[in-house]
Structures are given as structure tokens and as C-alpha cells.
Protein chains: 2
Amino acid sequence: MARRTGRAPTLATVAQTAGVSRQTVSNALNSPHLLRPETLARVQSAIDELGYSPNRAARQLRTRASQLIGLRVEPASEGTANALMDRFLHSLVESSNDAGYHVLLFSGGEASDPLAGYDDLLRSTAVDAFVVTDTYRGNPQAGLLAQRGAPFVAFGRPWREPVAEHPWVDVDGRAGVVLAVEHLLARGHERVAWIGWHKGSHIGEDRRSGWHDTLHAHGLSTTRLSARGDDTLDFGRRAALALLDSEQPTAIVCASDTLAMGVLHALAETGRVPGRDVAVTGFDDSIAAQVVPPGLTSVRQPLEAVAQEIIDVLGELLGHREVTERGRLLTPTLSVRNSS
Amino acid sequence: MARRTGRAPTLATVAQTAGVSRQTVSNALNSPHLLRPETLARVQSAIDELGYSPNRAARQLRTRASQLIGLRVEPASEGTANALMDRFLHSLVESSNDAGYHVLLFSGGEASDPLAGYDDLLRSTAVDAFVVTDTYRGNPQAGLLAQRGAPFVAFGRPWREPVAEHPWVDVDGRAGVVLAVEHLLARGHERVAWIGWHKGSHIGEDRRSGWHDTLHAHGLSTTRLSARGDDTLDFGRRAALALLDSEQPTAIVCASDTLAMGVLHALAETGRVPGRDVAVTGFDDSIAAQVVPPGLTSVRQPLEAVAQEIIDVLGELLGHREVTERGRLLTPTLSVRNSS
DNA sequence: GAGCCGACTTGGATCGATCCAGTACGCCGG
DNA sequence: CCGGCGTACTGGATCGATCCAAGTCGGCTC
């Protein structure tokens, strides 16, 4: 293992130790098939003996590839049940590492400039590509990055311009809500309410359509059973109180775990027990959903698969191979707990 | 702004455009005080005009500094209320960027090898330093990294060897629990129970001592009011059921939000209302604590400050300045909610 | 006006891996 | 024994920013 020398061993050191030239060592690393097995073994043992790893900066300088993927972390939002990012990040790091990449995090400063941070990393050739996740707000980066010819993959569909050229991976939110509603119908519920986001949200309307269409397909009414507002605990709570008061739904389907937690607040305040008196479902399968008593049924996004797909697409992009599909849509599952 | 040329502008391009030499441009970037204001301005405008950013790989190769900080992400633990990482990560990225660094994430593969991933990044000079956070399990990396002479800062005290030489930043868990207990005492509670971790856990015992000593200081008993076990929902639930059954505490202080959520489960099952019938406090101020009805009082770690301290210390380490203190201990606060 | 100082600028060498063109060598058929 | 061919290996040039030692020039003093 690593000999204690003043400086880290270089490719030249290895070459000297193995009694071959630098290029041969380079080939041993990058194109081992060019070497006679015997030579390869000799080089390998020299590498092991010296504890050599190629200097990334030098390699990066020559090959113009950093093996880094940039991801901007958005300001954390407290008081929201959504800890999507945590799970996604883990999965992304795993998938990246398996593919020989690393994830570089940066922050975007103020939200005012959607490109803040991106530009500099791009120009200084610090990263090979980006993963863009902020698709909840219409994803203004996508267009701008595309303009600059920056390679990137988006987590989330380009709702505004469905013909966008950039590759993306997304989860079928509508299908997730359909799962939740079907589950509730199977349990005998007939008055199923919806609490979701403002009309302007494409994602919100997509999810809501799963509720709306499934009920109609089963000949059930949706009239007056829908509430739309902010993605906050408080809106969920107030919407639930109002619905329970006037429409007496037996189940409430929510567009997010945050809203669902708000509903649980409303139930607790009015002495109702979730799952017994009123069924509740959320969306994202957040940690809060997993640990809140008595357990919140929630739509779970397959983030591991999303991360893997993103890295796959990125590999195709960067390998200058043809990207097989522009967009890929994955299907969520339902984590059933005692709230339904 | 960025001219559309085939290749990114280099320092030489800028020099030519500004009518100066390369070195002058380099000085404009790294030691602007060496330039006449007039020249500096000329170089600056050339830089702006061309949209130039220094190539990171080249700079890294020459200066042997990548401006990257490595952080290993541990396998995500589902079903645990602890979303510390998320908040900490955000803060760390912010602080890093402010100091001119970026955070590089990598995964460690199997837990079997505590150094997995570190070694390669170190030898390939991919990162300048590490932040080590896995101090909950005795932090085996610290010693090994120190041996290799790798610069790093630990989030968490070196409990096993308090004389360790490496710099660290930690939060005073004991003081946090003292806050929680004092808060409960002020509300009139006299039978305050503890649910915590196994005796082997240094952190657990440190936090527990806050409970133990505060009660004794107020002349209150701790006899039979303490339970220790795994950091799981289920243990919290079972311990609470047992305590409530036999000792009738009026308040329960927990070593973690996960345990506290378990206690909430127990209360819900036995028809008790948190905050009214029994007070509960957790530790970490996780998202779950913030959104669970009716709100869980919890000790909040000052993670933003921790991240800032860590980056400060790293700056000292990497700048070859003297590290002013080996360890820095920060004090948490208490987020009071309706469970107490 | 010569001498000198200091501020500013210059070209060449360097970091370490890869690209490129070219050389040595073994094998074969003629 | 020679020429042709392909494999395996070699030395020099290159990526782009920084380090280094030396050079230029204006201004100042005597």
C-alpha cells in the first residue's frame, strides 16, 4: 500500500517502477485490452504497490471532463413535510458513484436569478452536466441551460412547453393519486374529497385529475368535494375543517403530505381518529408520514429509479450517444398505513 | 457577454484582448493590488466581454487545491424521524459557497469499510478536505483519516479519545436536554421520565445526564423513570406504554424525535392527548416534530452555526493558519410546541 | 543627465495525464 | 533472407493557469 513519500506518486512514477513507459500505464488504466496480459499484471502490481490514483485535475484538464454532476440545492423550507430531497439525493449519489461520477452541490444564492451558480460552474468547466430538480416552479432554468448548450437532465416534465427538447425523467403523479383513490374505493369509501394546490400548478392539476377521473369512472360525484390552496399545514387544516363541516367526506385525498398533516391536525382538533372516522392519504411518503401516529397512507415516488434513469440519460448525453427517449415517466406506488 | 466561439476563452485570450500578458491577467484575478487601477479595469472589461472564468482543472493542477470539500452520505434510514442531514447539508453548502468552496458528495458503499471512498478521493487529489459526520457510531473514520494526514473536521466530539488531535464542532446535547427539562419543570411537572438510547452510547448518556442532573438539582427523583433502548419508533412506544402503566409520569423527555414520535403513538393508542395529559419532548426538531399534531416540542441543533464553524475551521486548516481551538461546542435551543 | 528605485510586465517552465506520430519487434509468406 | 503487416511500446507536445526569474519603464534624486 501507499508508500510514505513526500509527494503522491504520478503516472511517471508507476511507469518507472513497472519498467514501462507512461503511455503504457495510461493504456493499462484506460484501454487495458491493448496490453499483453503479462505487462498489464506488472503495471497493476506497481499501481497497487505505490497506491497510485490518477490525478483528477490533470486528467480533467486533458480530457475536458470532470466526472462531476452539478446539483443546486434550493433553500430549505421548514415546516413542510416534504423531505423528498433527502431521499433523492441519496439515490442520486449512489447511482452517480456507480457510474463513475460524483455529485457537486452548490447553492443558488437568491431565487431572483435562476441561473445563479450555473453559469460559473459551466464556464470554468467544473462540472460535466447538471441535474435540475426545481421543476415545481415551472423550471425556468431548463430553457436557459438549453440555450447555452449545457448538458442537463430535468427531474420533472416541462409542463409549459411539452415539446421541449431536453431530456427529463418524471413520476406520474396522476397515476399515484389513482392508486390512492382506488385503494379508498376498495375500502368502501364513496365520499372522497380532494385537497390540493392552486389551479395554476400543472403538477397539482395533474394529480387532481387522478382523483377527479377515478371517482367519475366509478360513477361517484366530486361536486363540492374539492379544495385548492397553498401547500401549507394551515391550508390543509382549514380546508379539512370546512369540508368536514359541510360535506362530510369519509376520505380525504391530498396532493402532498404537508396538506395531509394539516388534515390530521383538523381531525385531532375535532376529536376524530384518522383511519377510523375519516381516511386520509398524502403524497411523497415523507418521513413525517412514516412516523406520525397512526401512520399516514401516502403515494411513494420511486426516487431510486428516478435517480438511476437520470444517470442513465446523462451517460448517454455525455457519451455522445443517442438519447433513446426524450422523456421517461415512472409510476409511483402506494404505502398503505393506518390512516386509511 | 459570452461570445459564441468554438472554444471557451482562456487566460491567453483575455490577455490578447486586453493587450497585456497572461501573468497580468492572472494577477488581476489573484492579486489585483499589483495592478494599476487603469490596467485592472481594462483587464476586467476584457474578462466581462469574453465571459471568461478560469479553468478549474488547470488551476487545480497547478495549485494543488480543488476548492472541493468531500462529504460522505450515509445510507438513508427510513422510518426514523431524523432529517438532520437535510438541514445540515443545506447549511454546509451555503457556508461553503460563501467561502469559495463546493461540496462534493460521495457514497461509501458498504458500511464494512469506514474508509471506502475517502481513500480514492484523497489520493487523486479530488478534494481538499473532508467533513465527517458519522460520529454517532463512534466515528471510526476520524482516527484513520488523521493517520493519513487528511485534513478534515468532524461534526461530533471524539468521545472515545477525548484527547484526539483533530478539530471538531459539536452541539451540547446535555445542555439541550437541560433546556427541555427546565421548561417542563417551569410548567409544574414533577414526574419527568426519560426515554433514551443504550448505555453504550456516549451521546445518549450525555443527553441523559442533562435530564438526570436537572431533576436532582431540583430535588426531584429519577428512580424507575428511565428507559433505554434502540432508537426506533417501536421502542419509544413500548417504553412509554410501560412507564405510563407503572410510574405515571406527567412528562416524558426523549433522546430523539424518533423516540418521541413513538411516545405519541403510545399516547394515541391509550386515548391520551399529548400536551394535555402527558407532556412530551424530542430532540432534533425534525420536520416530523414540526408537522405532527399537535406539534412536538423539541431541542433544536443550531446546524447553520455548526456548518459555519466547520467551514471556518476548514479555512484555517487549509490556509495553513493555526487552528485556534481544537473543539468548539455550540448550544442548542428549544422549539416549544403544543406537546408540552 | 546619470544612477537608482520600485512598480509593473514579460516569456519560459511547470503541474500530471492524455493525444499523437512514430519506432521496435515478432510473425508470416515469398 | 527480405519485405509487409500488425501489435506493443516510446518520446515529445498539449491542455490552461500559476510560479519564477528576469526585464522594461517611468519617476525621482543629486
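Hello everyone, and a quick word on conventions. Residues are numbered from 1 along each chain as its sequence is written, while chains are lettered from A and ligands numbered from 1 in the order in which they are written. Because the model is predicted, local features need pLDDT of at least 70 and side-chain atom pairs count only at pLDDT 80 or more, whereas totals for chains, interfaces and linings use all residues.

Let's begin where the chains touch. Helices here are DSSP runs of H or I with at least four residues, strands are runs of E with at least two, and both are numbered from the N terminus. Nonpolar covers Ala, Val, Leu, Ile, Met, Phe, Trp, Tyr, Cys and Pro; charged covers Asp, Glu, Lys and Arg; the others, Gly among them, are polar.

Two packed helices are described by the angle between their axes and the distance between the axes. Helix α5 (residues 84-98) of chain A packs against helix α13 (residues 303-318) of chain A at an angle of about 40°, with the axes 8 Å apart. Axes are lines fitted to C-alpha atoms, for helices over the stretch in contact, and angles run from 0 to 180 degrees between N-to-C directions. So α5(A) and α13(A) are oblique to each other; under 35 degrees would be roughly parallel, over 145 roughly antiparallel, 65 to 115 roughly perpendicular, and the rest is oblique. Residues in this contact include Phe88(A) and Leu92(A) from α5(A), and Val306(A) and Ile310(A) from α13(A). By class, the contact has 7 nonpolar, 4 polar and 2 charged residues.

The largest nonpolar core has 88 residues, and among the members that touch the most others are Ile195(A), Val263(A), Ile195(B) and Val263(B). A core is a set of buried Ala, Val, Leu, Ile, Met, Phe, Trp, Tyr and Cys residues joined through C-beta atoms within 7 Å. Buried means 20 or more other C-beta atoms within 10 Å, exposed means 12 or fewer, and partly exposed is in between, with C-beta atoms placed from the backbone. Another core, of 82 residues, lies apart from it and includes Leu89(A), Leu303(A), Phe106(B) and Val171(B).

Finally, the backbone. Most residues other than glycine have a negative phi, and most peptide bonds are trans. Which peptide bond in chain A is cis? That is the one from Pro293(A) to Pro294(A), with omega near -5°, and Pro294(A) lies in the loop between α12 and β10 (297-300). In chain B, a cis bond joins Pro293(B) and Pro294(B), with omega about 0°.

Arg64(B) is not a glycine, yet has a positive phi of about 60°. Arg64(B) sits in the loop between α4 (56-63) and β1 (68-73) of chain B, and counts as partly exposed, with 13 C-beta neighbours inside 10 Å. Gln248(B), also not a glycine, has a positive phi of about 45°, and is exposed, with 10 other C-beta atoms within 10 Å.

Note on methods:
Two residues are in contact if their C-beta atoms, placed from the backbone, lie within 7 Å.
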